[in-house]
Amino acid sequence: MVNEKINKKTVMMFGGAIIAFLIGSGFATGQEILQYFAGYGYLGLAGSAVVFLLLVYVCSSFLEVGHREKFEKGNDIYKYYCGEKLGFFFDYFSTIFCFMSFVVMVAGASATMTQHYGTPAIVGGLLIVSLSLITVLRGLSRIVEIVGRVGPIIVAIAICVGLVAIVKNYANLDPKTVSLSIESLKSSEKLVKASSSWYLAAFSYVGFCMLWLAGFLASLGAKAQSSLEAKSGGILGGALFSLAVVVITLGLLSSINTTAGTQIPMLYLANNIHPLFSSIFALIILAGIFSTAVPLLWSVSARFTVEGTKSFKVLTCSLATLGFFIGIWLPFDKLVNIVYVINGYLGGILLVIMCYKSISRRLKKKTVILIKETEKRVKQ
């Protein structure tokens with residue numbers, strides 16, 4: 001592995017693509033972080049630590065396997081881990097989930113534009129669908145180039161907003177204050193949680209991230225020069241995204257009484273910095289939604305058609321249109337809670353299978369090495 005080629009620019013691009021894919025409407029708006037982490041108080045930070053460990057493992061593994069196996073289609077990675085029958089199920093289930101998540105992106109864009117600019121729901125939805133459609137039709141290489149650069153910038157700005165919120169409301173982060181706030185919110189319907197416990201929420205979070213990332217990262221990993229380059233990109237992306245989760249969680253906790261119950265919690269934090277900044281940040285949120293909507297839409301179209309063909313273009317346009325009409329009709333926070341949580345648990349099953357496969361593969365590799373060494377000693 002020491003002699004493997006590694007291009008730092010490629011590693012950063014892989015890491016940036018992972019971050020861009022994951023930030024989406026849930027993270028960029030703060031709704032996802034509120035439901036999966038901040039809603040549990042300081043226990044949510046324990047959840048973020050679990051997410052860090054698992055996400056780094058998942059991202060690096062998907063990219064490495066994609067580099068090694070060179071799948072014909074990215075979704076073939078499910079058959080690699082789960083076998084023919086179960087892999088077939090996860091293949092189609094993840095494709096449906098990716099489309100449902102694209103709908104969530106449309107709903108998030110609509111909610112952002114409506115909450116901050118007062119525009120009809122159709123405006124935000126139409127904007128994100130149009131930009132996503134144009135980008136997807138330009139192909140995977142162009143997608144990685146665009147979102148890989150945009151993603152880290154968006155996360156960096158989101159982290160800054162979280163840090164400012166922490167500094168301005170530091171007194172509110174006293175453990176007793178946070179605990180009392182969470183308890184008072186439990187009796188109301190304002191605080192929506194992803195699960196009954198923080199550890200199940202963390203498990204579910206990684207699960208739905210996996211269903212997003214698997215096919216996309218498997219295709220991306222095939223473009224790596226080496227296994228080390230692929231793994232390094234996965235580690236970088238997973239680690240930086242997890243860091244952002246911690247900061248945003250603390251930022252939301254510092255104003256949990258007011259952020260809970262809002263459609264776009266991050267806009268509240270941005271508005272507390274300065275009303276003008278909140279207008280700028282609303283555009284940043286839209287950029288974050290765009291960076292996730294694009295690979296989601298591409299993943300679904302690329303599953304059934306060959307990129308660049310007429311059928312690919314027709315299917316992409318059809319999916320974008322359908323996603324638009326559903327997304328502007330359903331409420332954003334409810335979509336996040338239902339779509340992400342249910343699919344997250346099924347993704348968690350994939351995580352267990354994936355860990356078993358990785359452990360089995362390593363044990364088999366060590367056994368083969370041990371047998372060869374034993375045979376070599378016998379001959380001597």
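Two cavities of 30 Å³ or more turn up in this structure, which is a predicted model, so local features need pLDDT of at least 70, side-chain atom pairs count only at pLDDT 80 or more, and totals for chains, interfaces and linings use all residues. Residues are numbered from 1 along each chain as its sequence is written, and side-chain values use heavy atoms, with hydrogens and water left out. A cavity here is a set of points, on a 1 Å grid over the protein atoms alone, where a 1.4 Å probe fits but cannot get out; lining residues have an atom within 4 Å of a point. Grid points are joined across faces, edges and corners, and a volume is the space filled by probe spheres set on the points.

Start with the largest cavity, at about 50 Å³. Its lining includes Asn 75, Tyr 78, Cys 98, Trp 212, Phe 216 and Ser 299. At least two lining residues come from each of H5, H9 and H13 (helices are DSSP runs of H or I with at least four residues, numbered from the N terminus). H9 makes the largest contribution, with 4 residues. By class, you get 6 nonpolar, 5 polar and no charged residues, where Ala, Val, Leu, Ile, Met, Phe, Trp, Tyr, Cys and Pro count as nonpolar, Asp, Glu, Lys and Arg as charged, and the others, Gly among them, as polar.

The second largest cavity comes in at about 40 Å³. Phe 27, Ala 28, Ile 154, Val 155, Ala 158, Phe 281 and Ile 284 form its lining. Helix H1 (8–29), H7 and H13 are the elements giving two or more residues, and H7 has the largest share with 3. This lining has 7 nonpolar residues, with no polar and no charged ones.

Now for an open space. A pocket is an open set of grid points with protein on both sides within 12 Å along at least five of seven lines. The second largest pocket has a volume of about 360 Å³. It is lined by 20 residues, and those closest to its centre are Glu 72, Lys 73, Gly 74, Ser 219 and Trp 298. Helix H7 (140–168), helix H9 (198–221) and H13 each give two or more residues to this lining. Its residues split into 8 nonpolar, 7 polar and 5 charged.

On to the charges. Side chains of opposite charge can pair when their charged atoms come close. The whole structure has 3 salt bridges, each defined as a side-chain nitrogen of Lys or Arg within 4 Å of a carboxyl oxygen of Asp or Glu. Asp 91 pairs with Arg 303, with the closest N and O atoms 2.8 Å apart. Asp 91 lies in helix H5 (residues 84–117) and Arg 303 in helix H13 (residues 275–304), so this pair ties together parts 212 residues apart in sequence. Asp 91 is buried at 2% relative accessibility, and Arg 303 is buried too, at 15%; buried means under 20% relative accessible area, exposed over 50%, and partly exposed in between, using a 1.4 Å probe and protein chains only.

Glu 84 bridges to Lys 79 at 3.6 Å between the closest N and O atoms. Glu 84 is exposed at 56%, while Lys 79 is partly exposed at 28%. Arg 68 and Glu 69 also form a salt bridge, at 3.3 Å.
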